[in-house]
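Here is a briefing on selected helices of one protein model. Please keep the sequence and the 3D view open while you read.

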Amino acid sequence: MRRLFANGWVVTMDDGGAEHERGWVLIDGRTIEAVGSGDEPEAEARVDLGGAVLTPGLVNTHHHLYQTLTRARAQQADLFTWLRELYPVWARIDAEAEYAAARTGLAELALSGCSTVFDHHYVFPRGRPGIFEAEVEAARELGVRLVASRGSMDLGVSDGGLPPDELVEELDAVLAETERLHGRYHENGPGAHIQVAVAPCSPFSVTGKLMEESAALARRLGLVLHTHLAETLEEETYCRELYGCSPVEYLERLGWLADDVWCAHCVHLSDGEVARFAETGTGVAHCPTSNLRLGAGVAPVRALLDAGVRVGLGVDGSASNERSDLFGEVKQALLVARGRGGGEAMTAREALRLGTRGGAEVLRRGDVGSLEPGKQADLAIWATDGLELGGADDLVAGLVFSGPHRVDRLVVGGEDVVRGGALVRADESEIARAHRVQARRFAA
Ligand SMILES: [Zn+2]
């Protein structure tokens, strides 16, 4: 069915950054047929947006949904202290808890306008099947797109790593399980709802051999690759002591600086390393709130963008950013860029671009992230008649400056996921209740 979303401020995020202040978007089934302003095309249904802002559905490029079970822990800790406190708690994860956690995090993200979610899951305790599957079930239930990682850790504390030995896996088991999940779930091509990524956790929890073999597997299967990188100064010290080089140099040595890779954080990069990211096409998931929460620093996003690096936004896991609100992260990205580089370091529209088109480019998803003919009908509609936008003539900048906001309507592949600020396919309060039951099992 062709549906016309009319009388809205359409922010396309196409290459030229086109906006239609009194515009419309025509969708046909799952995809966008036309975008414009002026004379409206014929359609079977017309939705009057009443002056709302219409953006592409947002794209989250880094999360750990399971961490919704362990919020507000290790409140004054840096990354390594925080991890050492939380690893033993996370070791309790199983499929039932993961399902409750994923529904909660995905619901929060959907209500913040996010239609495509990457989740970096890497905690797979031995003998607990169904964790990855539980995430897929939650995403299908809510209606958002999920790129889920079969992540991994194989460098335990007795081998010089950070995680406890009980949480690390054998290399062969990791690779075999990744291949199995790829065969069962991965969808190719435009409009995919479920995809698999390969994502060993970090230089301090994974052996170089697993990093290399993960990359080889991903390249054989045509999957994208992801890991944490250069998040804190402690990580840099750790890498220099263990590997004799910086985290970025270490990654490059393993064949991991490439255009099928994106890395979370990248707070501590030298100018030369920013250039290497650009030369190799390596992408970045910028997670400003989490970086502030753990006192890690502020990533050099202005320099990355000026160099032409692909940059998207991530809310990161809920144990280091208790709120899975991607629109909030758009505003946070704007604020930290200005805190680091001054008032001209980032515009509101650049920040919004990071959360939409930028994220899609990072995930190598050419089918989402902008409102253009042929792209997926993933639309986020933002009401502009509330208290916080009174007095704002530029409603797009006003939205970003006054964020976060609950999205009024979220359409994913032509299907309503949020309407009137409420989930369409699931019950928010039921999700919250079920989550609390599971979270009790993770109490300190
Ligand atoms: Zn993370």
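The points below cover a helix pair and then a single helix.

This is a predicted model, in which local features need pLDDT of at least 70, side-chain atom pairs count only at pLDDT 80 or more, and totals for chains, interfaces and linings use all residues. Residues are numbered from 1 along each chain as its sequence is written, and side-chain values use heavy atoms, with hydrogens and water left out.

**Helix pair α2 and α14**

- Helix α2 spans residues 95-111 and helix α14 spans residues 428-439.
- Their axes lie 9 Å apart and pack at an angle of about 140°.
- That angle makes α2 oblique to α14 (under 35 degrees is roughly parallel, over 145 roughly antiparallel, 65 to 115 roughly perpendicular, the rest oblique).
- The crossing of α2 and α14 is left-handed (the near helix is turned anticlockwise from the far one by less than a right angle).
- Contact means heavy atoms within 4.5 Å. On the α2 side it involves E96, A97, A100, A101, R103, T104, A107 and L111. On the α14 side, E428, E430, I431, A434, H435 and Q438 take part.
- The contact residues of α2 with α14 comprise seven nonpolar, three polar and four charged.

**Helix α6**

- In α6 (residues 233-243), the buried residues are E235, E236, Y238, C239 and Y243 (buried is under 20% relative accessible area, exposed over 50%, partly exposed in between; 1.4 Å probe, protein chains only).
- They cover an arc of only 160° around the axis, so they sit on the same side of α6.
- L233 and E241 are exposed on the face turned away from the buried side of α6.
- The cover over the buried residues of α6 includes α1 (79-90), β10 (225-229) and α7 (247-253).
- G244 follows α6 and has a positive phi, near 70°.

Notes. Axes fitted to C-alpha atoms, helices over the stretch in contact; angles between N-to-C directions. Helix = DSSP H or I, 4+ residues; strand = E, 2+ residues; numbered from the N terminus. Nonpolar A, V, L, I, M, F, W, Y, C, P; charged D, E, K, R; others polar. Arc of directions from axis to C-beta.
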